[in-house]
Structure formats: C-alpha cells, structure tokens
Amino acid sequence: MAAPLAYSLIATDLDGTLLRGDDTLSDRSKAALARAAAAGARHLVVTGRPAPRVRPLLDDLGSRGLAVCGQGAQVYDVGAERLLFSVTLERELAETALGKIEAEVGEVYAAVDQDGVDGLTLVEPGYRMPHPTLPAVRVRRRDDLWCEPISKVLLRHHALSDDELARAARAAVGSLATVTMSGPGTVELQPVGITKATGLALAAEFLGLGPAETIAFGDMPNDIPMFDWAAHGVAMANAHPELKAVADEITTSNEDDGIAVVLERLFTGR
C-alpha cells in the first residue's frame, strides 16, 4: 500500500517564491513539482497577478487545472480558459479610497488590473511597473483607468516605502477595501474581504480538498492569510519579516530553489 501523502495540495505564490528574479522557473523546481504530481499531489498557483498575466507561466508548467489570481479575486480554470469565480472593485469605492489615501500621503500613482480573462493592466502617468516584463497599457489620465470593471488597484508613492504606504493606506481606507503588499513596489487595493486565503479556500473546495491537506509557499505579507488557512506555511529565505514571523518553516530563497528543497524532502525523502 502506498504511504499517504503528507500534503495533497501545494499552493505556491509566483513572484519571489516559485519564480526566479528573471520571471523564469528553474528545471529543479519543475522536476520537484512533477514528482509531487506523480505522487498524487495537486499544484495550485496563488498569485497577485491577474489571470491574463499568468497564462504563459501556467503553459510553461503544463498546468490544465485551476489557478488563484488577482490576490484571490479570481479563480481561473486553465484548461477551459474561463473564470470560475471573479469579484470586482467598484469604481466609486476605488476613487474614494484613492482620495482618502492622497489626503494623508499626497499624490500617489495608480494602475489597475481589469477583470476578465483578457483584461488589460492600465497605468496612469507617473506609475512605474514593478515587473517590466509584464505588459501594460498607459492611459492619459486617471479617469481612463475605470473604462472597464477592475479586480484591483496598484499604488506607488514617490517617497514612501512599501511598508509605509501600506500602513498609511490601511489607516486611510478602513473598510472600503483590502490593502495588501505583494512585492517590491506593489501595494494594492482589492475588494474588501478578498485575500489569497479566500481564493485558495474556494479553489480547494472545487478540488475537494481542505486546509489540513495544504502546504503553502510565499514571500510577502499578502501571503499571511494563505499561511493562516493552510496546515503548513513555508516562507522563502528572501521573504518579508512579517511573513517569516508567522511561517511554520523557512526554506532557501527563490533563487536557490527553496520550494524544490521542501518538496524533494516531502516527496522523495531527500
């Protein structure tokens, strides 16, 4: 009889976690995920990136299952190329939240991820994309950001650090939206109550799995809800101190195949 799996669901963030700094996936990580899949485990990408920005990476992984995108606002069926779940941030709430933040910290620069499997990332003047490899469309003025429904707003400030901007945004926004910090230069507003954990829980339910069967990997504070939900949370060596503080385990960095190090131990005994 085969030994029971330690974890049947492997939830991984992308940037700073599964991916290297150049947005590529190492052969060692691919092999470790393939061995876990051969043993019967399911791999679920749980990322802040919207569905359209994830599809090429999922193709590289050979994934035909589900992915959680947009900080939990989207559950994407890769094989069917459709969203099983999607929630949007209302324009009025987004504009009000931005106004409250700017009243506290001065001018911020904004971008949005549009909803849908073909949604665009729109960028207002002054906003600099934290990931230059990701495509974005520049608009002439802020009002142009709201031409279609959006899943989230991305914020930058010319002087404040990410931690400072996130703290100020949370204080200013209150219950209007959820504020997350998902990477260098990436502070975001998303629909209230939506986190990676809500998206992960929904995707796991679709798969017939639950938190007790889940191991999660991440590197930023937006992964904290996912760690709270999963049975075991693994922070990368390069992770933000807030995530390391709540992790069950710390592995090596994303550049040093930290996910593969753990999966090799769990699924091959190395």
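Which residue of β9 does Gln 114 stand opposite? I looked it up: Gln 114 faces Ile 150 in β9.

**Ground rules.** I am working on a predicted model, where local features need pLDDT of at least 70, side-chain atom pairs count only at pLDDT 80 or more, and totals for chains, interfaces and linings use all residues. Residues are numbered from 1 along each chain as its sequence is written, and side-chain values use heavy atoms, with hydrogens and water left out.

**Whole chain.** I counted 9 helices and 14 strands in the protein chain. Helices (H or I, at least four residues) and strands (E, at least two) are DSSP runs, numbered from the N terminus. The radius of gyration is 18 Å, close to the 18 Å from the globule rule for 270 residues, so the chain is as compact as a globular protein of that length. That radius is taken over C-alpha atoms, and the rule is 2.2 Å times the number of residues to the power 0.38. The C-alpha atoms fill a box of roughly 60 × 40 × 30 Å along the principal axes. I noted that 54% of the 270 residues are buried (under 20% relative accessible area, 1.4 Å probe, protein chains only).

**The sheet.** Next I traced an open sheet of 6 strands, ordered β8-β7-β6-β9-β11-β10, with mixed pairing. Two strands pair if DSSP finds at least two bridges between them.

**Strand β6.** How many of the 6 residues of β6 are buried? I found 5, so β6 is mostly covered. β6 (residues 109–114) runs antiparallel to β7 (residues 121–123), joined by 3 bridges. Ala 111 stands opposite Val 123 in β7. I then checked β9: 6 bridges join β6 to β9, and this pair also runs antiparallel.

**The hairpin.** Between β6 and β7 I found 6 residues. Gly 116 takes a positive phi near 100 degrees in this hairpin.

Technical notes:
Buried means under 20% relative accessible area, exposed over 50%, partly exposed in between (1.4 Å probe, protein chains only).
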